[in-house]
Amino acid sequence: MPPKAQVFKSPDGKEFTTKKEWRDYMMTTFYSYKNKENEIEPLIKKPGDIDGQMFDISDCNNVTIILMDYCEQVQIDQVHNSKIFIGACVSSIFIRNCENCIFYSCCRQLRLREVTKSKLFIYSMSEVHIEYSNQLQFGCFNGSYPEQLQHLSLANLDITNNLWYDIFDHNDPSKSNANWSIIPETEYEEPWYPQGLKCDHAIPLTKPGSVERIVEDSSMKSFDFQQLVRDSALLASSPSTPVAVPAKTIPDTVFTEKNIIKNLINKYGNYKAGDNLDDVVSSSFVNILQNGDALPYDLMSASIVGGNIATIDNITISHSKDLAWSSFSIASLLEGYIRCTGILEKNESNDWRLSYVQRSDISPAIEE
């Protein structure tokens, strides 16, 4: 009797005969909102839908997006005329090339680049950094949903340490505050309760100057890739007290798994033409280039350069059982800073292997 074919099932009940089909569907359906326009109903992720994974939002116009869960890094690109709610982000929220939006966000770090004509009601454990942005208005996070306090705890965010008003503008050396302003509390919009019912606020309203900065990061000289990495290291080493619900105890095996994945990503990022990557990538590995072309690793050119002219950093990882997601950056003298999103799977020997990488440029090449 032939063995029964393996079936991969997604949380919404769809079944797939190959893991690649299932994986692509999971990434597209559950951990991103892309190319959405003029949506009448809000796009909503309910508590438990994201469960600590990374999330991407891009190329959206005239939509309302609500993430009522805790998540890893969030990237928001090319969004216009929209309203976005993010309940709890473990690390960084990057907002780029957005216009005429309203953001309600809670995170450890908030970074904006080329954002204009927007309001931000925020919680941030660190100084907010903006670059090439203008006509921005900032206010304290004002809203909630019943599970938010628990999600903030799982994200290890201290609700008493909100630096929503502490803005560092990299294009304003004279500190004139010409590109941003503080919204008077009397002019706040109505609190946003995304579940539709009023509830107790997980994050209290605070006044400007009410919290002393834990990490002194205003000495940053540029809003570049390496500085983001240095900031992340500083923030990771600074004290933070979880609130309300005790944080989960993380087994040592989790850190071991993440170290293995980081090593694989470093090997991939330092690939040179002719290198053997059998211990790094799966046999079905696909590398999606910036122009959308798919390229298996055995045909890859030296466009990903190794040695002393490329570094791999800013790695974030989320994994569960035999599947992992990661985002990372390759800093290349030839190509500039390349942002990558990768998917890893465990093979039959229970070893991690990269099975898919999507690349996209985030800044120009470095001038020598």
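One term before the clicking starts: buried means under 20% relative accessible area, exposed means over 50%, and partly exposed is in between, with a 1.4 Å probe and protein chains only. This is a predicted model, so to speak of local features takes pLDDT of at least 70 and side-chain atom pairs count only at pLDDT 80 or more, while totals for chains, interfaces and linings use all residues. Residues are numbered from 1 along each chain as its sequence is written, and side-chain values use heavy atoms, leaving out hydrogens and water.

**Stop 1: a strand with two sides.** Helices (H or I, at least four residues) and strands (E, at least two) are DSSP runs numbered from the N terminus. Select β10 (128-131). Val 128 and Ile 130 point one way from β10, His 129 and Glu 131 point the other way, and all are buried. In a regular strand, side chains alternate between the two faces of the sheet.

Now show the partners; two strands pair if DSSP finds at least two bridges between them. β10 pairs with β9 in the parallel sense over three bridges, and here Arg 113 stands opposite Glu 131. β10 also pairs in the parallel sense with β12 (residues 167-169), over three bridges; look for Ile 130 opposite Asp 169.

**Stop 2: β8.** Move to β8 (83-99).

- β6 runs parallel to β8, with six bridges joining them; Cys 71 has Cys 89 as its bridge partner.
- β7 pairs with β8 in the parallel sense over five bridges, and Val 74 is partnered with Ile 93.
- β9 pairs with β8 in the parallel sense over twelve bridges, with Ile 84 opposite Phe 103.

**Stop 3: the core.** A nonpolar core is a set of buried Ala, Val, Leu, Ile, Met, Phe, Trp, Tyr and Cys residues joined through side-chain atoms within 4.5 Å. The largest one here has 72 residues, and Ile 76 and Ile 95 have the most contacts inside it. Among the elements supplying at least two residues each are α1 (19-30), β5 (55-61) and β11 (134-140), but β9 gives the most, with twelve.

Centre on Ile 76. Leaving aside neighbours within four places in sequence, its contacts (heavy atoms within 4.5 Å) include Ile 57, Ile 86, Ile 95 and Phe 103. Apart from this core lies another, of 17 residues, among them Ile 265, Val 281, Cys 340 and Trp 352.

**Stop 4: rings.** Rings of Phe, Tyr and Trp (its six-membered ring) pair if their centres lie within 6.5 Å; planes under 30 degrees apart count as stacked, over 60 as edge-to-face, and the rest as tilted. The whole structure has 13 aromatic pairs. One of them is Tyr 25 with Phe 30, edge-to-face at 6.1 Å centre to centre and 75 degrees between the planes. Tyr 25 counts as buried because its relative accessibility is 18%, and Phe 30 does so at 14%.

Then select Phe 85, Tyr 104, Phe 121, Phe 141, Tyr 145, Tyr 188 and Trp 192, a cluster linked by ring pairs.

**Last stop: Pro 191.** Find Pro 191 in the loop between β13 (180-182) and α3 (225-237). Asn 142 is 49 residues away in sequence, yet the C-alpha to C-alpha distance is 5.1 Å.
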